[in-house]
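Dear colleague,

Please find below the structure that I am handing over to you, with its sequence. My notes on what was found in it follow directly after.

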Amino acid sequence: MMTRILAVLPFYGGSLPVGRHCARALRDIGCLVEVFEAPEFYGAFQALKGLKVNGGRLEFLENSYLNLVGEAVLAQVERFQPDLVLALAQAPLSRKTLKRLKHDGVPTAMWFVEDYRLFAYWRAFAPFYDLFAVIQKEPFLGELAAQGVENALYLPMAALPELYRPLRGGANCQAGECGPADALSPAERRDFGADLSFMGAGYPNRRLAFRELGRELAGRDFRIWGTEWEGEPLLEPHLRMKGVRITPEQSVRIFNAAKINLNLHSSVKAEETVSRGDFVNPRTFEVAACGAFQLVDERLLLPEMFEPDELATFSSLDDLKAKVDYYLAHPAERAALAARGRARVLREHTYQARLRRLLDFAAERLPGWPRSRQAAPWPAGLPESLTSELEALAEKLQLPRLGWGPAGGTGFDTLIAALRQHSGRLSGLESALLFLDEWKKQYIK
Amino acid sequence: MPEKPPDFLIVQLARIGDLIQTKRLLLSLEREGRVHLALDAGLAELAGLVFPRAVLHPIRAHAGGRNPAEVLAVNAGAFAGLAEMNFKAIYNLNRNPLALALAGMFPPESVVGYRLEQGQALSSTWCKMAGRWSGAGRRLSSPLNLTDFWAWFHPDPLAPTLVNPAARAKNVVETTPGKGGQRLGVVLAGREPRRSLPPEYLARVVEALFAARKGPEILLLGSRDEQAGARKLSKYLDGRVLQKVRDLSGKTSLPDFYEVVGSLDLMLTPDTGGMHLAAHLGVPVVAFFLSSALAWETGPYGLGHTVWQSVRRGCSPCLETEPCPYKTACLPPFAAPGWLTVLSGRAGAALPGGDPALLGLESCFDDIGVDYRVFLGEASALPQARRCQKRRLLREFLRRPGQPGKSGGPAGIDEAVINEVISEADWMLREY
């Protein structure tokens with residue numbers, strides 16, 4: 001039986017694409033996945049703020065709405081019967097909802113893809129999850145244990161190679177790496193290309209660093225993409241697309257088109273331009289997965305993920321400036337590093353690998369997980385013409401071949417669950433299958 | 001080239017009674033185009049007789065064996081055939097998951113009633129309203145018959161008077177005792193046993209009608225499951241009556257049953273599919289309704305029918321799946337001597353009143369459908385005023401305001417009644 005996962009997305013924010021990548025990767029590794037689309041509930045939540053009522057009243061309304069959203073998650077759980085509810089940081093799972101899930105025997109996991117020092121609220125909910133995956137090691141893992149979190153897992157960020165991929169015509173693209181359909185158009189090369197490019201939000205340390213960099217790199221083509229860059233007249237000439245939020249697909253183009261992608265981890269402390277923190281951000285893996293070149297600030301956990309010949313790092317702003325000059329002058333070295341970095345990501349740092357690890361961890365730590373389901377067999381004696389139609393349907397739904405015998409393959413229940421997720425108009429056969437499922441509930445006990 | 005008339009599909013996978021109660025909607029659509037009917041395969045032969053112009057699409061839903069492979073193989077073919085049709089509209093009459101699965105293969109915007117949209121079951125405002133007006137504790141004032149509820153899926157259904165012929169006996173009652181001349185059908189049981197009279201009760205009723213009709217031939221009707229009931233009934237019947245009894249239980253196919261019912265002068269029945277068939281054929285019905293059966297919800301459609309309704313306040317909802325906590329208190333009125341006297345045609349008797357009360361109802365029409373008027377018994381046993389207000393509200397909703405009241409002036413409707421029919425969401429949200 002396929003393991004069923006319900007991925008609960010946050011309303012918005014940086015962990016939203018992470019959640020979508022998780023869902024995609026879980027499907028790739030053979031899980032049956034449903035997604036709780038919290039962003040679709042966010043509009044109504046925002047509307048409450050437009051009421052301009054007093055703070056207490058607003059808080060009451062917001063909490064009431066969050067309760068409703070929690071009930072919606074529970075309803076989806078009740079129908080889908082997942083083996084695991086996977087929440088991303090900031091997912092709308094209240095403690096009340098988590099308690100209900102525990103009471104109902106539904107295991108929960110959170111991938112807390114945040115810096116625990118900045119998001120200290122983790123203490124309020126971490127103990128309510130059965131599994132708690134984090135992107136930092138000590139002292140966070142010790143803090144979690146002290147807070148009563150038994151099953152904490154270090155699970156660093158990753159890239160989704162199907163999205164973050166090399167594009168033909170990219171500044172560091174290797175021949176033969178990219179398919180004919182995946183190319184940067186001349187217009188895209190013009191719009192997204194740069195000597196030095198940065199994609200991300202305007203955190204205080206980045207503002208300070210880039211102001212200095214902008215002065216030093218006068219004459220270089222330095223471009224900044226992303227949000228929260230307001231109030232920086234010195235950086236204004238470098239900012240592209242008026243500081244709007246960049247979509248993942250746009251970021252693939254930006255990474256590919258730049259000769260050098262600057263990757264400076266965020267810090268709320270302006271004076272720490274290069275903060276030497278521990279966790280490694282998603283951009284590190286994404287740029288590398290694109291086969292693009294990056295200069296990334298040194299991080300405590302980076303060396304165990306990439307060898308020095310797989311990724312170019314810098315330790316200070318002076319070091320950065322020197323390396324920008326060096327690598328702009330040595331395109332072959334850029335390309336070689338980028339290629340090795342991409343190979344490492346594909347070997348070890350994909351979402352598929354991370355989620356496989358998470359599921360293995362669940363199996364290690366949660367007794368009897370995943371629980372075995374009574375696989376409903378396919379009805380015996382189906383005509384051959386129908387079995388071939390069913391095989392074609394399984395293929396269309398991206399399911400493994402049908403399992404006609406007692407072991408393995410897609411069973412009746414799995415096909416039905418996949419069919420229920422399917423959007424759009426049902427065919428005659430699909431309707432007949434759903435009909436049979438209901439018929440069995442009514443007549444075959 | 002004249003334009004080809006549109007095709008409509010009605011999805012009605014329920015049992016025989018519901019199938020026949022689809023008639024007003026089906027006839028309404030037949031005025032505009034060709035009507036297809038997706039129905040349980042076990043009812044196809046009968047449906048061919050009841051709806052001769054409809055194109056039937058038998059589905060393996062309830063009847064037949066319990067072989068899933070066969071169900072899938074047969075239905076996959078039938079569904080594929082339906083999917084190829086270009087229906088102008090699909091009328092899905094039930095929220096049943098089977099019907100929803102079938103409706104799921106059509107564009108949701110073309111499905112009227114209960115639809116499946118992106119895997120989510122959705123009900124029209126009209127269907128949601130019906131759920132409210134006939135909800136728990138509200139059924140005694142439920143305002144609309146099921147036939148009319150479905151008919152109003154259409155914005156301008158066929159006039160109720162044109163649905164079934166007015167009921168009348170085919171043969172006159174012989175005045176000479178023992179000569180009979182008439183044929184009385186006795187339906188032994190409905191699907192829910194608590195809705196039927198036990199044999200010892202039924203025997204007295206049959207004898208009373210036997211006397212009133214001067215000794216007609218009596219046909220016992222039912223499926224094979226009712227054969228034991230027929231034998232029990234016979235044990236309780238008076239010898240003179242028994243001589244005129246012919247037990248057809250378990251001996252008729254559905255087409256045979258159709259023919260037999262058509263030959264009757266009167267049918268005595270609980271709330272059954274046979275009752276609706278009799279109404280369809282214009283055979284007068286004398287029905288006894290108790291337990292969860294309510295005349296104004298599923299009574300015989302058309303003029304010339306009588307329903308004896310037992311009403312016990314405080315029972316609603318009557319859950320037939322559980323033992324009755326009141327020892328089926330709605331049953332004893334059917335053994336009351338006064339009622340048996342009325343049935344046997346002697347005037348001057350009184351019906352049992354109080355709680356439970358027995359009411360004599362006769363079918364009638366207004367501009368939205370069939371209704372039932374109390375002709376005997378304590379009308380006060382029913383929340384008539386509430387029911388009238390609900391029906392008035394529905395009339396407004398259906399743009400059939402009807403005649404003004406006797407006073408002629410405008411009258412308000414109680415807030416509680418409005419709340420039982422209309423919900424905030426009806427005016428705040430889009431249909432579906």
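Domain bounds, as used in these notes, come from an automatic or database domain assignment. Please also bear in mind that this is a predicted model.

I begin with chain B and its domains. The assignment divides chain B into domain 1 (7-115), domain 2 (124-158 + 383-404 + 412-432) and domain 3 (183-381). Taken over C-alpha atoms, the centres of domain 1 of chain B and domain 3 of chain B are separated by 30 Å. In the contact between these two domains, domain 1 of chain B takes part with 10 residues and domain 3 of chain B with 9 residues. On the side of domain 1 of chain B that touches domain 3 of chain B, the elements giving two or more residues are α1 (16-20) and α3 (44-50) of chain B. The largest share of that side, 4 residues, is supplied by α3(B). By residue type, the side of domain 1 of chain B that touches domain 3 of chain B divides into 5 nonpolar, 2 polar and 3 charged residues.

Turning to chain A, its secondary structure comes to 16 helices and 11 strands. Chain A has 445 residues, and a compact globule with that number would have a radius of gyration near 22 Å; the value for chain A is 24 Å, which agrees. Along the principal axes, the C-alpha atoms of chain A fill a box of roughly 75 × 60 × 40 Å. Of the 445 residues of chain A, 43% count as buried. Among the contacts in chain A between residues at least 6 apart in sequence, 65% join residues at least 24 apart.

The next topic is how the two chains meet. In the contact between them, 23 residues of chain A touch 21 residues of chain B. On the side of chain A that touches chain B, the largest share comes from helix α16 (residues 428-443) of chain A, with 11 residues. The residues on this side of chain A comprise 14 nonpolar, 5 polar and 4 charged.

Some details of the backbone also deserve a mention. Most residues other than glycine have a negative phi, and most peptide bonds are trans. Against that background, the following places may be of interest to you.

In chain A, Trp369(A) and Pro370(A) are joined by a cis peptide bond, with omega at about -10°. Pro370(A) lies in the loop between α13 (351-365) and α14 (384-396) of chain A. In chain B, a cis peptide bond joins Asp355(B) and Pro356(B), where omega is about 5°. The loop that holds Pro356(B) runs between α14 (337-343) and β13 (357-365) of chain B.

As for phi, Gln81(A) has a positive value near 55° and is a residue other than glycine. Gln81(A) is placed in the loop between α3 (55-80) and β3 (84-88) of chain A. This residue, Gln81(A), counts as exposed because it has 12 C-beta neighbours inside 10 Å, and the limit for exposed is 12 or fewer. Arg276(A), which is not a glycine, likewise has a positive phi, of about 55°. The loop between β9 (258-263) and α10 (282-289) of chain A contains Arg276(A). With 13 other C-beta atoms within 10 Å, Arg276(A) is partly exposed.

Yours sincerely

Conventions
Residues are numbered from 1 along each chain as its sequence is written. Chains are lettered from A and ligands numbered from 1 in the order in which they are written. This is a predicted model: local features need pLDDT of at least 70, side-chain atom pairs count only at pLDDT 80 or more; totals for chains, interfaces and linings use all residues. The radius of gyration is taken over C-alpha atoms; the globule rule is 2.2 Å times the number of residues to the power 0.38. A residue is buried if 20 or more other C-beta atoms lie within 10 Å of its own, exposed if 12 or fewer, and partly exposed in between; C-beta atoms are placed from the backbone. Two residues are in contact if their C-beta atoms, placed from the backbone, lie within 7 Å. Ala, Val, Leu, Ile, Met, Phe, Trp, Tyr, Cys and Pro count as nonpolar, Asp, Glu, Lys and Arg as charged, and the others, Gly among them, as polar.
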